[in-house]
Amino acid sequence: PNLDLVVPQAGGNTCRSIQLMAASEMKGSDKCAILQKEERVCCPRSYSPTKTIFVISLQGTPGAHESNQGRLDLFKEKWRMACGSDSDSTNIEHCPAAFDKRRGYGLTLAWIMCLWRARQLDEEVAIFLEDDARLFENSTQEFCDVDKRGE
């Protein structure tokens, strides 16, 4: 990881400073959960191009309405049901949405962070969805087949 990388929307904090703050927090605390989300930016997983679907969700976001709990899990379950064994070749990257009372503000920040993450992973093709997206029968293969996503 690049510990000197300045994380967007993190008040000028670098990966190193976020890592230090996270180490001093108690596991399970709201602050720890927020810091862990920021740490993911600093330690990207190595994915093959076109294999990642980015999904914006409020699941796990402190302050979000309880109806958001389980939505990302449901998205993943529906994806596996639609794509079958092909879902093993797909990485579903959670793009956590920030809770904000201003309509659309948290979602906009999530899109920015999600785009930044896709660029960091050097994706050839990036597909961005919200957690309530579902595949239609006539388009399932275009999304499930990794080789067809870049067409």
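# Close-up views of a predicted chain

**View A. Phe54 and Phe128 are both buried, a term that stands for a relative accessible area under 20%, while exposed means over 50% and partly exposed lies in between, computed with a 1.4 Å probe on protein chains only.** The model is predicted, so local features need a pLDDT of at least 70 and side-chain atom pairs count only at pLDDT 80 or more, whereas totals for chains, interfaces and linings use all residues. Residues are numbered from 1 along each chain as its sequence is written, and side-chain values use heavy atoms, with hydrogens and water left out.

**View B. Phe54, Trp111 and Phe128 form one aromatic cluster.** Rings of Phe, Tyr and Trp (for Trp, its six-membered ring) pair if their centres lie within 6.5 Å, and the planes count as stacked when under 30 degrees apart, as edge-to-face when over 60 and as tilted for the rest. This rule gives a count of three aromatic pairs. In one of them, the ring centres of Phe54 and Phe128 are 5.2 Å apart with the planes at 25°, so this pair is stacked. Because Phe54 lies in strand E1 (residues 52-57) and Phe128 in strand E3 (residues 127-130), the pair ties together parts that are 74 residues apart in sequence. Helices (H or I, at least four residues) and strands (E, at least two) are DSSP runs, numbered from the N terminus.

The ring centres of Trp111 and Phe128 are 5.9 Å apart and the planes stand at 55°, so this pair is tilted. Since Trp111 lies in helix H4 (residues 105-120) and Phe128 in strand E3, this pair ties together parts that are 17 residues apart in sequence. Trp111 is partly exposed, with a relative accessible area of 29%, whereas Phe128 is buried, at 19%.

**View C. Arg102 lies over the face of Tyr105, at 3.7 Å from the ring centre.** A charge sits over a ring if NZ of Lys or CZ of Arg is within 6 Å of the ring centre and within 35 degrees of the ring normal.

**View D. The second largest pocket has a volume of about 360 Å³.** On a 1 Å grid over the protein atoms alone, a pocket is an open set of points where a 1.4 Å probe fits, with protein on both sides within 12 Å along at least five of seven lines, and lining residues have an atom within 4 Å of a point. The lining of this pocket has 20 residues, of which Leu58, Asn68, Ala97, Gly106 and Leu107 lie nearest its centre. E1 and H4 are the elements that give two or more residues to this lining, and H4 gives the most, with three residues.

**View E. Val55 belongs to strand E1 and is buried, with a relative accessible area of 0%.** Val55 and His94 are 39 residues apart in sequence, yet 5.2 Å apart in space, C-alpha to C-alpha. Leaving aside neighbours within four places in sequence, Val55 has contacts (heavy atoms within 4.5 Å) with several residues, among them Leu72, Phe75, Ile92, His94 and Leu129.

**View F. Leu5 is found in the segment before helix H1 (15-23).** Leu5 is partly exposed, with a relative accessible area of 22%. Leu5 and Cys15 are 10 residues apart in sequence and 5.7 Å apart in space, C-alpha to C-alpha.

Conventions
Points joined across faces, edges and corners; volume = space filled by probe spheres on them.
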